[in-house]
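Please look over the sequence and the model shown here, and keep both at hand while reading.

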Amino acid sequence: MAPLLAGYAPNLEKFLKTLKGQSLEASTEGLIALLKRRQIRGAEACAFATARVLLQVVAKSKWTDVDQLLANVQKVGARLTHAAPRELVIGNIVRRVLGLIRDEASEERNADNEGSLMDSVSDLQTLQPSAATATSSGSQRPGPNPIKPTLTPAASFVSKSLFNLLSVVDPAESFTTGSPVTGSSTPIQQNSSATALKSEVIDGIEEIMDELSQADDQIAGFADVQIHPGDHILAYQPTATVEKFLVRAASKRHFTALIASGTPSPKGPEAYASLKKKLAAAGVRTVHVMSGSYAAYLPKVSKVILPAHAVLANGAIIADGGAACVARAAREYSKPVIVLSGVYKLCPENSSEVEDPIELGDSSAYVPFTDGPLVDGVDVESAVSELVPADLVDMYITNLGPHTRDHLDDILADHYKVEDIDFPLQ
Amino acid sequence: MSSKQGGKGAGAGKGKKGAKGGAEEKRDDILQAVIIADSFQDRYAPFSLEKPRCLLPLANTPMIEYTLEFLAMNGVQEVFIYCSSANTDEVEAYIYNSSRWRNGSKISPFSSLEFIRVSDARSIGDFLRDLDKRALISSDFILVHGDLVANVSLDAALAKHRARREANRENCMTVILRSAGEDDHRTKTHGITPHFVVEPSTTRCLHYEETHPLQADHYLTLDPDILEHKEFEIRSDLIDCGIDICTPDVLALWSESFDYELPRKNFLHGVLKDHELNGKFIYTEIVDQGYAARASNLQMYDAISKDILGRWTYPLVPDSNLVLGNSYKMTKNGVCVENGVVIAPNATITESVLGHRSSLGSGSSVSNSIIGDRCKIGKNVRIENSYIWDEVVIEDDTQIYHSVLADAVRVGKKSIIPEGSLLSYGVSIAPGTQLPTDPAARISLKQGDGSPATDDASLVGENGKGADFHESASSDYDSDSEDEDFGTDPSSLQKSLIYSLEGLNISTSSISTLATHTSVDSDEVESQVNALQNADPTKSTTATASRNRLDSLSAFSAFSDDSMTGAFHTDAVNGLLDSLRAEDTDDFDGAKLEFMGLRLANNASDSSMRKAIAVSFAKRAAELTSTLDPAKAAQRALLDKKGAIKFIREVGVGGKEAEQAEFALALQNALVTQVMGKTLEAGKAGTVLAALLQQLYSHDVLEEDGILAWWNDGRAVEGGELMATVRDKCRVLVEWLENADEEESSEEESDDE
């Protein structure tokens, strides 16, 4: 009876397995329910599930041209982000997929137009040339003329992006039109190009998924540069990413790992047992620091490593509850704080735009439910996630390498299209 | 559509495990669940008159949503919902209108969800026996109630259950329990305390029993077999959330015992007690992570609502928006608000939930409360610890403390709703009204039998709507079957929002009795028994809640100080009297058998048996004196039935001098009681006693030594004049005996000479 070990409760793995047999609607709602029930949680799992569902959208939903596909992806993406408003990576993946579709569509179109007019409609770097070319190809009149009334009625793909590019005034409005394209502007041949586009986009999404699964390894690749022999590394609530990072470093460097857990974990000292075992195998000494007492170790610590749920555009991060406290303590002792985060966790939002980064979780993380008087007499607020201000973080290590705060903007521009920056609002 | 969907679900299941398991395991792989959506109780009255319990809102979400979510969370595939005919329609309509749960809905997490109606069901037991007949259950299934709020993961318990079941087919059930610590806990059920006797090494459940503060005897009877286990724990610190993992055998057990009604008090207790007969094992899974509780009464409703506000039920909290279409957001101070909520800038609100488009006027303060959709709350209103359902209007300057206000309630200006008030659907309170505090008001537009109530202006004010809610004593439906066999009815403890023994609807004279009860620790059994006995019997019988148990007890206490065997005494005397009176047969063997059975069942002592026999024969003799003269009556009473004398000799007396004296004393006592009860004339009593003793002497039941021992016993003259009068009548007999003795001895002496 081997299958019994797996249990019945749904999780990411089971969800992915059911995807094939289910209708798109069922998959979407299934994921939404899992997100709401926190049976899929954590940035990586959420990102992966989102990518898979969006893949289904591309493969299964009805669309005949790029605009419909974009609308479909946006619609499903908006529902997913709404289901878990604090998992910002979901929005990121949706933006990535949207950008991918736009890229592929423009490539198609370029091929159709013999590549004569434009190369990339909406890449931030190629803003100026694309604006000019897009206008000439897309609208009837030559020359840039970004006046609202003329553009919005025939809201085609090209004119939309153009409008966005030239007037940043009200990008949301240009997308509100649900009307299908009139056909005057987008010269996409319906079927053959649609299937080609579909397979291109699906390939692209699979690449994104590859990126997700490789991110941890790539980040770990920078471990030996960052961790020096003899270092004392404080890792706050290490995730899989941090775990790989430390283990990789341990294979080359001799250092001391301090593992701090914020909440009094129900598992007690057994928490992070596998990590400790791996580190011990590599000859690295580990110290388990229980809740709150890490400040005593800070004078000895050489670096603090924080895993991020999401990295915001201004450099603030959303991390496990208690991380801000660690970061602040590190600042007091002038110890560098390093954030490990895949590029997919990098969000175009600023910390002021994130409505409520603090998620309150299960109160029993701090007070056992068996303690009747406490349950009745005390209001417990246990933050699952919280915002660590940008100035407390010194360095970000993504799968692309180590970055400073100022560099984040460039990475953002590389990965997201301007049209999609405001995605969840649409 | 539904069948297609079902096929898909099954297909998904196959896809998952097909590679690993054979054909049989595939079927195993589909987890089934049965929801009991009807409780056959009226603990939620008057609210449950309007809506079935499982649709009442708990933190603005119908309770059944939590239950379904729990099942979905645990990967259940097929769901059966049992409802009694009275409220199936509403529940079914609710599910049908929910695009998420509807059977065959594309987005339903279940492959099928079926309603089963049982029109003549009167208890949960009827549901499960019906389920057994239908043969819908193929493998392990989860049995839950429609008022469950839980986020525990059953995977571990299911795996353990499965492993145990494979090891032994008789391991048929696993009960999920949440530990709640030894201290007082708001989420433990008050009133009825479940006690589980568990073997810690195997988690096997050995015994189950319920106690409540109103019962006379605060003790558990453990089967001596339990003591043979190396170790066992008696746990009363558990929250019984009503989740059972069952094999189909459980349904067969239900069918075998047609009189079981409740899954715990009847079924669990019964099956464990009869373990030697049925050979079934039941296990417990005591979880200490996660949340699980049943909103089985208003106090639990209150507790679970607070737990939701305190986020102990996470992720089942309003801002997870698990119900389709909800969009609650967490804001500051633990306040969850829906879209369209308007809170005046200078209103204060903490630890609360505000439903869709509700508004809160300026200067108002709300704390620890849950407010439903489209409620209008005026200015300077104060709401604390209250549950306000949808579309309630509360006008300015009103104060509401720890109450439940159902849909469409209106409360006028400057009213005060004190703690514990329950305002049912559509009730309107006129401005300036203060509702009573002790007992707290239960106001409804309907009476217990469903008929409309006439508005009570003295309660709800001029132009108010609603009257004090009375349960209809006659209506059987909805009666709380759980507690029927208790002498005192603990369900009365469960109907109020606030658990309190003072809040009982009992006359003041008997409160003192109850107070002694509850002030002592439960292990001080003795003192409680004494407290009950010392209570003036006439007073305790006036208590509205007390029934047979107290009656028999007070009658008995004059006669015996052994209250434990009160039930035995009554039953035994009635049984013996019936067979003594019987005209058609003159055989006493049946009665003897029945008596011995009763004795074993109650574990009655020798002395209580003696008393019971003496009383029954004395009663019979007293009855016969109405037509016959005393001597003849005594003879008929003793000799009419074959074997009666033998029965008295063996069972009733069964001993030497001391026992014989006891029996004679018991006869005397019984006759005196008859005299006091006016069924026998005082003069005749003595004659009857003398005749009885003489008959017994002549049939060698009593010997002279025994009778003389009684005659010389101080107790025979104690207890008033009557005893002495009755005893005096036997002087002749005794003197005759003494003389005979002397003669005998003198004869002996003469012989010796």
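Predicted model: local features only at pLDDT ≥ 70, side-chain atom pairs only at ≥ 80, totals over all residues.

Chain A contributes 44 residues to the contact and chain B contributes 46 residues. The size of an interface is often given as the accessible area lost when the parts come together. Between chain A and chain B about 4,000 Å² is buried, and carbon and sulfur atoms give 57% of that area. On the side of chain A, 22% of the area buried against chain B is supplied by A:Tyr8, A:Arg37 and A:Phe369, more than by any other three residues.

Polar interactions also link the chains. There are 14 residue pairs in polar contact between chain A and chain B, counting pairs with both residues at pLDDT 80 or more. Two salt bridges are counted between chain A and chain B. A salt bridge joins the side chains of A:Asp376 and B:Arg186, with an N to O distance of 3.1 Å. The elements of chain A that give two or more residues to the side touching chain B are helix 1 (12-18), helix 2 (24-36), strand 8 (359-360) and helix 15 (372-377). Helix 2 of chain A provides the largest share of that side, five residues. Sorted by class, the side of chain A that touches chain B holds 17 nonpolar, ten polar and 17 charged residues.

Helix 12 of chain A covers residues 240-252. An α-helix has 3.6 residues a turn, so residues three or four places apart point the same way.

The backbone of chain B is the last topic. Most residues other than glycine have a negative phi, and most peptide bonds are trans. The peptide bond from B:Ala45 to B:Pro46 is cis, with omega near 0°, and B:Pro46 sits in the loop between strand 1 (32-36) and strand 2 (57-58) of chain B. Another cis peptide bond runs from B:Tyr314 to B:Pro315, with omega near 5°; B:Pro315 lies in the loop between helix 10 (298-309) and strand 15 (329-330) of chain B.

B:Ala408 is not a glycine, yet its phi is positive, about 60°. This residue is in the loop between strand 28 (404-405) and strand 29 (410-411) of chain B. B:Ala408 counts as partly exposed because its relative accessibility is 37%. B:Lys414 also has a positive phi, near 50°, and is placed in the loop between strand 29 and strand 30 (416-417) of chain B. With 58% relative accessibility, B:Lys414 counts as exposed.

Technical notes: Residues numbered from 1 in each chain as written. Chains lettered and ligands numbered in written order. Heavy atoms only, no water. Contact = heavy atoms within 4.5 Å. Buried area = accessible area lost by both parts, 1.4 Å probe. Salt bridge = Lys/Arg side-chain N within 4 Å of Asp/Glu carboxyl O. Polar contact = N/O pair within 3.5 Å; in protein donor to acceptor, adjacent residues only side chain to side chain. Helix = DSSP H or I, 4+ residues; strand = E, 2+ residues; numbered from the N terminus. Nonpolar A, V, L, I, M, F, W, Y, C, P; charged D, E, K, R; others polar. Expected span 1.5 Å × (residues − 1). Buried < 20%, exposed > 50% of the residue type's maximum accessible area, 1.4 Å probe, protein only.
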